[in-house]
Amino acid sequence: MNGRHFSLNSPGWERSLMKMNHSIFRKPKSSVSVIPFCDWASMTLVLFLCFGFLQGNALERKHVLFIAVDDLTDTLGCYGDLLAHTPHIDALASSGVMFTRAYNQLPLCNPTRASVMTGRRPDEIKVYDLDRHFRDSMPDVLTLPQAFLKNGWRAARSGKIYHYNVPASIGTSGHDDPSSWQEVFNPSGRDKSEEELIFNAEPHREISAALSWLSAEGKDEEQTDGMVASEAIRYMENHKDQPFFLGVGFFRPHTPFVAPRKYFDLYPLEEIRLPYSPAGDRLDIPIPAFAHNCPVPNYGLDELTLRKAVQAYYACVSFVDAQVGRLMEALERLQIEDETIVVLWSDHGYHLGEHGGIWQKRTLFEKSAKAPLIIRAPELSGNGRPCHRIVEFVDIFPTLVDLVKLKHDQKLSGRTLVPLLKNPSLEWKGNAVTQILRPADDRLDQPVMGISIRTHRWRYTEWGEGGRFGNELYDYQSDPAEFTNLAVQPDKKMNTLIRGLQQMLHQKASPTTPVTPFNPRRL
């Protein structure tokens with residue numbers, strides 16, 4: 001074996017094993033019919049290795065169902081949302097490990113997905129906007145599905161795993177990485193063909209960026225996400241006897257919020273409330289903390305329109321939950337549930353009016369930086385318990401390759417979460433770093449990088465080098481909704497704390513504006 005990774009999928013493995021058998025069991029030249037001690041030792045060693053290898057290989061050959069949900073915040077029953085109707089994701093959480101404090105690295109679709117799929121931080125792959133491809137900076141980087149491909153798995157994608165412009169790119173491969181997959185499925189449903197029916201609360205903006213929605217007619221399977229699930233199920237049916245890495249990417253609840261009418265009916269308008277913000281909440285928050293795509297509170301829209309937007313968002317969440325349920329039912333029906341690692345994640349969180357009217361993503365507040373992450377690995381002892389430790393999305397790559405014992409030579413930014421999958425209460429020293437790049441506009445005279453660190457108790461954020469454009473400090477023990485910025489007038493104790501957090505923060509992210517190309521209109 002000479003130190004190389006040995007696989008039953010390796011070419012000529014039968015021939016190699018036969019040669020070993022012939023070498024060990026050949027008839028000795030001595031007339032005495034005994035096996036010399038050295039041959040006994042060799043035979044014992046090889047039998048031990050073969051038995052251990054075969055047993056280990058059986059454990060390694062798990063399927064991976066890798067479910068990505070676009071723009072999903074913690075509006076899930078399992079995350080404590082009392083309004084949400086999400087029985088299928090809740091059931092997945094109760095059978096796996098739900099990470100309640102999982103943080104993405106840059107809350108914008110393209111950068112966060114590129115980070116997850118390469119296991120690298122944005123400053124490493126140099127992706128900050130919606131246009132740049134990670135291979136522009138790292139052409140030979142090994143992606144997560146490629147790691148499985150190189151070790152004998154099949155790899156396929158249905159829907160959005162890498163970045164897409166939604167809804168414009170639905171039905172295409174979007175900003176895909178072709179070398180990551182053997183097969184791709186790019187369905188396009190009624191949500192795409194009937195865009196003229198969508199209500200746009202901000203007609204001066206494209207429906208992709210505006211609060212826009214449609215309570216649609218027809219069946220789930222006629223919508224793009226229903227078709228994404230159907231293609232994924234068909235793939236599992238055809239390849240259930242071969243180890244696969246299957247990426248299933250749902251486009252909702254990304255705008256426009258389109259879902260069949262029955263999901264809107266789950267959320268009567270009279271039950272919808274906008275988030276509370278105290279008077280003056282914005283006064284101690286630096287200007288760049290508010291995203292350039294939402295500089296005006298609530299986009300200047302009235303309360304009823306905003307509540308309708310919240311209703312539509314929740315309807316999409318329940319619609320996607322139903323599609324996750326279809327995937328879980330297929331695993332059970334195909335009898336591969338116990339052979340499949342399931343990962344459900346969202347690319348980032350989402351604002352629904354917090355801090356006096358923030359909507360969508362692109363902030364370093366908790367609602368945008370934190371996102372759902374659920375991992376169910378068969379037979380691990382932590383299943384069924386939530387994990388409240390701080391983890392990062394760059395941890396997903398090393399966790400999956402660790403679970404199936406893949407060999408790779410990549411220098412990944414994160415660390416394996418397998419110890420937490422075995423014991424979610426394990427003592428875990430960690431922090432999470434998230435960043436976002438702001439373009440120059442009528443508020444800022446130059447591009448500004450914002451970087452933020454989250455520990456168990458604190459979040460520290462700085463805008464620009466040395467916090468030139470402001471900084472923030474929040475104590476989640478006493479202020480979970482981030483209403484009081486302690487960095488405005490810090491005392492000596494807070495200054496000491498800030499210096500310590502800065503040191504940890506700068507180890508993972510740089511506050512300087514990147515010199516690599518970025519499109520200011522696509523940040």
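Visitor: How many residues does the protein chain have, and what percentage of them are buried?

Guide: This is a predicted model. Its protein chain has 523 residues, and buried residues make up 58% of them. To be called buried, a residue must have under 20% relative accessible area.

Visitor: How many helices and strands are in the protein chain?

Guide: The protein chain has 15 helices and 18 strands.

Visitor: How many salt bridges does the structure hold?

Guide: The structure holds 30 salt bridges. Side chains of opposite charge can pair when their charged atoms come close.

Visitor: Why is the pairing of Asp131 and Arg522 called a salt bridge?

Guide: The cut-off is 4 Å from a Lys or Arg side-chain nitrogen to an Asp or Glu carboxyl oxygen. For Asp131 and Arg522 the N to O value is 2.8 Å. That is within 4 Å, so the pair counts as a salt bridge.

Visitor: What does the pair of Asp131 and Arg522 tie together?

Guide: Asp131 lies in the loop between helix H5 (122-125) and helix H6 (144-149). Arg522 lies in the segment after helix H15 (492-506). The pair therefore ties together parts that are 391 residues apart in sequence.

Visitor: What makes Lys192 and Glu195 a salt bridge?

Guide: Their closest N and O atoms are 3.5 Å apart. The limit is 4 Å, so the pair qualifies. Lys192 is partly exposed at 23% relative accessibility. Glu195 is partly exposed too, with a relative accessible area of 24%.

Visitor: How do you know that Arg261 and Glu217 form a salt bridge?

Guide: The closest N and O atoms of Arg261 and Glu217 are 2.6 Å apart. That is within 4 Å, so the pair meets the cut-off. The two residues sit in distant parts of the chain, 44 residues apart. Arg261 is in helix H9 (residues 261-264). Glu217 is in the loop between strand E7 (212-216) and helix H8 (224-239).

Visitor: Which residues are linked in a network of salt bridges?

Guide: The network links Asp70, Arg113, Lys160 and Asp347.

Methods. Residues are numbered from 1 along each chain as its sequence is written. This is a predicted model: local features need pLDDT of at least 70, side-chain atom pairs count only at pLDDT 80 or more; totals for chains, interfaces and linings use all residues. Side-chain values use heavy atoms; hydrogens and water are left out. Helices (H or I, at least four residues) and strands (E, at least two) are DSSP runs, numbered from the N terminus. Buried means under 20% relative accessible area, exposed over 50%, partly exposed in between (1.4 Å probe, protein chains only).
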